[in-house]
Amino acid sequence: MGGVSDPASSLHRRPIRFNAFDMNCVAHQSPGLWRHPDDRSWDYTTLDYWVDLAILLESGGFDGLFIADVLGTYDVYGGTDEAAIRQGAQIPVNDPLLLVSAMAYATEHLGFGITTGTGFEHPYPFARRLSTLDHLTRGRLGWNVVTGYLPSAARNMGAADQLEHDSRYDHADEYLTVLYKLWEGSWESGAVRRDRAAGVFADPDRVHHIGHRGEHFTVPGIHLSEPSPQRSPVIYQAGASVRGRRFAAANAEAIFVAAPTKKILREVVSKIREELVAAGRDPYDARIYTLLTIITDSTTEAAREKAAEYRRYASDEGSLVFMSGWMGLDLSSYDLDEPIGNVHSNAIQSAVAAFAQADESGHEWAVRDIAAWGGIGGMGPVLIGSGDDIAEALQGWVDDTDVDGFNVAYAVTPGSFADIVAHVIPALERRGVYRRQYTPGTLRHKLFGRGDLLPDNHRGASFRVGGANSTIDDSVRAAARGPVPTR
């Protein structure tokens with residue numbers, strides 16, 4: 001506490017961590033690769049695909065499977081969603097939460113990071129859904145908090161557009177407040193007695209109405225679920241803005257970032273560590289994972305040949321659909337050979353300036369280069385090489401940036417993940433920087449080794465009964481329950 005320490009002397013011994021990055025759709029981060037004969041992403045509508053993937057990832061000791069989601073279509077490119085539909089660019093897309101039970105039943109240790117937005121579902125029923133999954137997974141659930149970024153999602157939910165950027169986080173702050181009150185403060189430990197002799201399943205004096213009245217939500221009652229193994233699921237977050245980092249520092253236990261170079265990633269990680277300290281937490285109270293894609297094989301040359309083959313299937317149009325949506329700029333209005341200097345957008349200028357740092361040739365980027373960059377792996381870098389090549393590169397990223405691990409996108413699935421398990425993980429194990437053996441217990445305990453529940457210095461812990469932000473008292477309880485009936 002009190003400052004960001006320099007862990008350089010221990011970085012080589014700190015285990016490298018992996019999350020697998022997927023989505024309940026076809027073209028997640030690598031548009032066009034669904035056409036490759038080895039790709040099974042088109043099988044996303046079956047439980048077999050997801051269960052097989054979960055078993056594979058657990059065999060490799062992955063921390064978890066992180067499943068992204070959107071509630072709208074990418075319709076910035078060309079002003080319509082036609083290109084997104086044609087390319088299968090995250091459309092069609094199915095619900096991520098419904099996948100978890102089957103995967104959890106087939107595995108023992110793998111964690112599940114599920115993405116849902118705070119903008120379009122009331123926190124009261126949502127709290128029960130996540131508690132249910134935390135019970136069914138025996139405490140292996142994580143929730144990726146997103147505030148939303150696609151205007152099409154807002155329109156289909158009856159709004160003209162998304163809330164303004166910082167207002168979305170203000171709304172999310174209250175959303176989390178309601179959830180913490182329900183998960184942490186409504187049911188005391190020991191409230192569930194299961195006392196057969198006395199005929200008491202739960203002690204009503206230890207179950208509290210939360211009495212929440214805020215700007216966006218009014219939730220007077222109790223949480224519908226008894227406390228799950230973690231109470232609050234592990235909180236994941238990926239906000240990159242100043243406001244997003246502040247939100248993550250107050251709430252997140254796993255933070256996802258994307259940076260094309262070590263220099264940029266080092267700056268991002270440093271700012272996050274500093275924000276954690278400013279929020280009253282330890283700088284390492286959150287695991288930070290950076291996005292990348294790995295293409296590997298038994299030899300360096302075989303990996304390069306595989307990468308070249310994959311690139312032949314990548315879709316420029318699909319890539320520009322994603323990039324247009326992420327940057328808020330319609331790239332279809334520019335010729336593929338248009339120099340980036342002629343593309344007038346602060347957002348794209350800053351993003352491409354960052355990407356160009358990863359290009360050693362120094363040539364001026366054109367729109368075509370943006371398409372090529374995003375063709376495999378989206379906004380993250382692509383590492384290509386043998387298992388030993390990749391292991392050395394990953395160690396370099398950790399040593400140079402202080403990142404904890406990697407959110408691994410795929411080129412083809414499950415092949416990209418199977419290649420990592422076969423080639424990269426053994427190389428990391430030989431170097432003593434990867435632990436395939438899991439720590440017993442919940443996802444939170446696996447990540448931090450200090451128990452199942454939120455630590456006392458986390459914002460959510462303050463909403464427990466007797467905590468600094470607890471609103472539970474006898475008057476609230478009495479008012480919520482109403483008058484005592486007379487005989």
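**Figure 1. Contact of α7 with α8 in the predicted model.** Arg245, Arg246 and Ala249 of α7 meet Lys271, Ile272, Glu275 and Leu276 of α8, where contact means heavy atoms within 4.5 Å. Helices (H or I, at least four residues) and strands (E, at least two) are DSSP runs numbered from the N terminus. By class, the residues of this contact are 3 nonpolar, no polar and 4 charged; Ala, Val, Leu, Ile, Met, Phe, Trp, Tyr, Cys and Pro count as nonpolar, Asp, Glu, Lys and Arg as charged, and the others, Gly among them, as polar. The axes of α7 (residues 242-251) and α8 (residues 262-278) come within 8 Å and cross at roughly 55 degrees, which makes α7 oblique to α8. Axes are lines fitted to C-alpha atoms, for helices over the stretch in contact, and angles run from 0 to 180 degrees between N-to-C directions. Angles under 35 degrees count as roughly parallel, over 145 as roughly antiparallel, 65 to 115 as roughly perpendicular and the rest as oblique. α7 passes α8 in a right-handed crossing; a crossing is right-handed if the near helix is turned clockwise from the far one by less than a right angle, and left-handed if anticlockwise. This is a predicted model, in which local features need pLDDT of at least 70 and side-chain atom pairs count only at pLDDT 80 or more, while totals for chains, interfaces and linings use all residues. Residues are numbered from 1 along each chain as its sequence is written, and side-chain values use heavy atoms, with hydrogens and water left out.

**Figure 2. Packing of α8 with α13.** The axes of α8 and α13 are 9 Å apart, at an angle of about 45 degrees. These two helices are therefore oblique to each other, and their crossing is right-handed. On the α8 side the contact is made by Lys262, Leu265, Arg266 and Val269, and on the α13 side by Gly396, Trp397, Asp400 and Thr401. The classes represented are 3 nonpolar, 2 polar and 3 charged residues.

**Figure 3. Packing of α1 with α14.** Helix α1 (residues 47-59) packs against helix α14 (residues 415-430) with an angle of about 20 degrees and axes 9 Å apart. That angle makes α1 roughly parallel to α14. The crossing of α1 past α14 is left-handed. Leu53, Leu56, Leu57 and Ser59 of α1 meet Phe417, Ala418 and Val421 of α14. The residues of this contact divide into 6 nonpolar, 1 polar and no charged.

**Figure 4. Two cis peptide bonds, at Pro92 and Pro414.** Ile91 and Pro92 are joined by a cis peptide bond with omega of about 5 degrees. Pro92 belongs to the loop between α2 (82-87) and α3 (100-106). From Thr413 to Pro414 the peptide bond is also cis, with omega near 0 degrees. The loop that holds Pro414 runs between β13 (405-409) and α14.

**Figure 5. Positive phi at Arg138 and Asp402.** Arg138, a residue other than glycine, has a positive phi near 55 degrees. Its place is in the loop between α4 (123-136) and β4 (141-146). Arg138 counts as exposed, at 68% relative accessibility; buried means under 20% relative accessible area, exposed over 50%, and partly exposed in between (1.4 Å probe, protein chains only). Phi of Asp402, again positive in a residue other than glycine, is near 70 degrees. Asp402 is in the loop between α13 (387-401) and β13, and at 14% relative accessibility Asp402 counts as buried.

**Figure 6. Loop residues Val207 and Asn342.** Val207 lies in the loop between β6 (200-202) and β7 (212-213) and is buried, with a relative accessible area of 7%. Val207 and Ser189 are 18 residues apart along the chain, and their C-alpha atoms are separated by 9.4 Å. Asn342 is located in the loop between α10 (316-327) and α11 (346-356). At 37% relative accessibility, Asn342 counts as partly exposed.

**Figure 7. The chain as background to the close-ups.** The secondary structure comes to 16 helices and 13 strands. Of the 487 residues in the chain, 54% are buried. Among contacts with a separation of 6 or more, 77% are between residues 24 or more positions apart.
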